[in-house]
Amino acid sequence: GEHLAVFRTQDGQVYVVDAYCPHLGANLAAGGRVVGNCIECPFHGWQFRGEDGKCTRIPYAEKVPDFARVRTWPSCEVNGMLLVWYHCEGVGPTWAVPEQREVATKEWVFRGQTEHWVDAHIQEIPENAADTAHLAFVHGPAILGGSDLRYTRSKLWDFMKHIWKAEWQPEPEPNEHCSRLLLQHTSTVFGKHVSLMDLTVSARQVGPGLVFLLFEHAFLGRGIILQTVTPLEPLLQNVVHTIYYQKNMPAIIPKFILRAECIQFERDITIWNNKQYLPKPLLVREDSGIQKHRRWYAQFYSQKSTRLPAQKGLDW
């Protein structure tokens, strides 16, 4: 529900401010321009400093009032992304986003990106990590079967199976805002184990909407998929997957990994887009990870989080 203006100053620093000029409401992001370390309003030329949002110049006024400023948003540029901190009560950042060394040093290079819109509550997406039972059922059938759930279990692709071993855990202090999912992937063709498909995936969730998916393969090297979940509306999420991979590996390898991940993710989207959130789900003993995840994720809500009237038990 916020409109923002994002700009890079002439000294290379990126800033995020409210889009609308406090003077007469013009959108700084539509026709505005960068002047030194300021963004200039396209309507009357007022200039606002990115650092603190203070107005430094009004072309036709003798004096700039002290209270003339635009709201600034805490942000950081890391791992090829610009990330903005949002807190509904205005509390500043309580943790930092870790830098992935191999991405920063360009040891791993950009090899592709996918983007999806998901019609679900933001909490539904990370909850999948703790729902280990769905892995065998939804993600067990071969990726050759595609993402349409009506056909993934087709006998045509029955000769190939994905086997997942998973373990989800929240991290201890001072990283209680993080959690980890360890995944061991193996494949069978006609019931025989194919070691070439063995893959270790370590997924680290940092905060409510950022995941580091680290891939490690005995022959095909190492890389990372960065997953960002950005809420556009209460029940609409924009999910982006960006892959970085060892530059000495042919690009076809990370592109194949991203494609395979995309097919598996689209299977989940079919479920998310059509499911209902149950605040009190009917769980069996083997589902204990789901309740554990909900207790962990609850830290990202606060007293003033907007409530959704239609579905009790979820904030956004």
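How many helices and strands does the protein have, and which residues form a nonpolar patch on the surface?

Author: This is a predicted model, with residues numbered from 1 along each chain as its sequence is written. Local features need pLDDT of at least 70 and side-chain atom pairs count only at pLDDT 80 or more, while totals for chains, interfaces and linings use all residues, and side-chain values use heavy atoms, without hydrogens and water.

The protein has 5 helices and 17 strands (DSSP runs numbered from the N terminus: H or I of at least four residues for helices, E of at least two for strands). Its C-alpha trace spans about 80 × 50 × 40 Å along the principal axes. Of the 316 residues, 44% are buried (under 20% relative accessible area; exposed is over 50%, partly exposed in between, with a 1.4 Å probe and protein chains only). The accessible surface comes to about 17,700 Å², and carbon and sulfur atoms hold 56% of that (Shrake-Rupley method, 1.4 Å probe; for residues, only the protein chains shown count as cover).

Now the part itself. The nonpolar patch on the surface is formed by Leu4, Val6, Leu82 and Val84, which together have about 280 Å² of accessible area. Two or more of its residues come from each of β1 (4-8) and β9 (81-84). Leu82 lies in strand β9 and counts as partly exposed because its relative accessibility is 33%.

Key
Patch = residues over 30% accessible without salt bridge, like charges linked within 9 Å, V, L, I, M, F, W, Y side chains within 5 Å. Salt bridge = Lys/Arg side-chain N within 4 Å of Asp/Glu carboxyl O.
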